[in-house]
Amino acid sequence: MSRPVLLASDLHLPNGPSPLRDGLIRFLRGPAHQAAALYLLGDIFEYWVGDDDGLATHADVIAALHRLSKSGVAVYAMHGNRDFLLGRDFERASGVRLLRDPSVVDIDGVPTLLSHGDLWCTDDRAYQRWRRFSRNRLAQWLFLRLPLQRRLRIAGGLRGHSADAKQRKTVEIMDVSPDAVAAAFREYGVPRIIHGHTHRPADHVLSVDGRDVERHVLADWHPDSMEYLICHAGACRRVLI
Ligand SMILES: [Mn+2]
């Protein structure tokens with residue numbers, strides 16, 4: 001029998017000790033070993049201001065990822081809107097391969113489009129402007145050359161700003177746009193999309209141009225609810241750690 005594929009996102013691991021960190025390490029040492037592949041679809045870390053800082057701060061997680069990938073599980077990650085600076089040194093140290101957002105992968109014979117999900121929040125114009133800027137190579141290159149303390153201060157400021165902005169925005173505007181999702185199903189021709197980001201875990205079945213398709217939204221993690229998706233033999237279900 002083939003091994004399952006596991007997916008998770010939006011762990012938002014803070015720096016320092018946390019039940020989320022313990023949960024992730026328990027998961028990486030235990031259940032993740034049964035998988036053929038593990039996909040971490042962004043916002044694994046609450047922030048990541050560069051591999052120099054992140055690899056030291058999250059050394060325990062990096063070591064657990066490395067052990068898992070060494071054991072024969074293919075581990076992939078995608079950038080989220082918090083940890084979009086995960087870079088080559090992270091890949092080398094963890095054995096994790098970074099995937100483009102979005103990417104089509106084969107999950108047990110089902111072509112599946114994976115994304116963090118924020119690129120489909122197209123109704124939020126201000127966010128999309130920030131997204132384009134923050135993913136700009138030159139902007140990133142300049143940011144990574146700042147001293148660490150400056151980078152940490154900027155990241156702290158941005159998180160405060162994002163929390164304020166979220167309070168002012170409507171619930172709808174922060175969700176994915178149905179039109180953007182339908183367009184993605186059309187463009188890639190897949191029967192299934194899996195993404196995170198919106199913190200609205202759900203399994204949607206919808207119809208696009210008369211075709212039945214599935215959209216699975218991964219759950220964000222809380223100390224009392226740390227969830228991953230397991231896909232096997234054509235079906236996906238949710239499991240708590
Ligand atoms: Mn996100």
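Reader: Is Ala180 buried, partly exposed or exposed?

Author: In this predicted model, Ala180 is found in helix H8. Around Ala180 there are 13 other C-beta atoms within 10 Å. A residue is buried at 20 or more such atoms and exposed at 12 or fewer, so with 13 of them Ala180 is partly exposed.

Reader: Which residues is Ala180 in contact with, leaving aside its neighbours within four places in sequence?

Author: Ala180 and Leu119 are 61 residues apart in sequence, yet their C-alpha atoms are 8.7 Å apart in space. Once the neighbours within four places are set aside, the residues in contact with Ala180 are Trp120 and Thr122.

Reader: Where do the buried residues of H8 fall when seen down the axis of the helix?

Author: Helix H8 covers residues 178-188, and Val181, Ala184 and Phe185 are buried in it. Seen down the axis of H8, these buried residues fall within an arc of 100°, so they line one face of the helix. An α-helix has 3.6 residues a turn, so residues three or four places apart point the same way. The place asked for is therefore one face of H8, within an arc of 100°.

Reader: Which strands do the buried residues of H8 pack against?

Author: The other side of H8 carries Asp179 and Glu187, which are exposed. The buried residues of H8, in turn, pack against strands S6 (110-115), S7 (192-195), S8 and S9.

Reader: What is the phi of the glycine that follows H8?

Author: The residue that follows H8 is Gly189. Its phi is positive, with a value near 65°.

Reader: Is Asp10 buried or exposed?

Author: Asp10 is found in the loop between strand S1 (5-8) and helix H1 (19-29). Its phi is near 55°, a positive value in a residue other than glycine. Asp10 has 25 C-beta neighbours inside 10 Å, and therefore counts as buried.

Reader: Is Asp209 buried or exposed?

Author: Asp209 lies in the loop between strand S8 (202-208) and strand S9 (211-217). Although Asp209 is not a glycine, it has a positive phi of about 50°. Because 8 other C-beta atoms lie within 10 Å of Asp209, this residue is exposed.

Reader: Are H1 and H3 roughly parallel or roughly antiparallel to each other?

Author: The axes of H1 and helix H3 (residues 59-70) come within 9 Å and cross at roughly 15°. The contact is made by Arg21, Leu24, Ile25, Leu28 and Arg29 of H1 and by Asp60, Val61, Ala64, Leu65 and Leu68 of H3. H1 passes H3 in a left-handed crossing. Angles under 35 degrees count as roughly parallel, and therefore H1 and H3 are roughly parallel.

Reader: What radius of gyration does the chain have?

Author: The chain holds 8 helices and 11 strands, and its C-alpha atoms fill a box of roughly 50 × 40 × 35 Å along the principal axes. For 241 residues, a compact globule would have a radius of gyration near 18 Å. The value for the chain agrees with this, at 17 Å.

Reader: Among contacts between residues at least 6 apart in sequence, what percentage join residues at least 24 apart?

Author: Buried residues make up 34% of the 241 residues in the chain. Of the contacts between residues at least 6 apart in sequence, the share that joins residues at least 24 apart is 69%.

Technical notes: Residues numbered from 1 in each chain as written. Predicted model: local features only at pLDDT ≥ 70, side-chain atom pairs only at ≥ 80, totals over all residues. Helix = DSSP H or I, 4+ residues; strand = E, 2+ residues; numbered from the N terminus. Rg over C-alpha atoms; globule rule 2.2 N^0.38 Å. Contact = placed C-beta atoms within 7 Å. Arc of directions from axis to C-beta. Axes fitted to C-alpha atoms, helices over the stretch in contact; angles between N-to-C directions. Parallel < 35°, antiparallel > 145°, perpendicular 65-115°, else oblique. Left-handed = near helix turned anticlockwise from the far one by under 90°.
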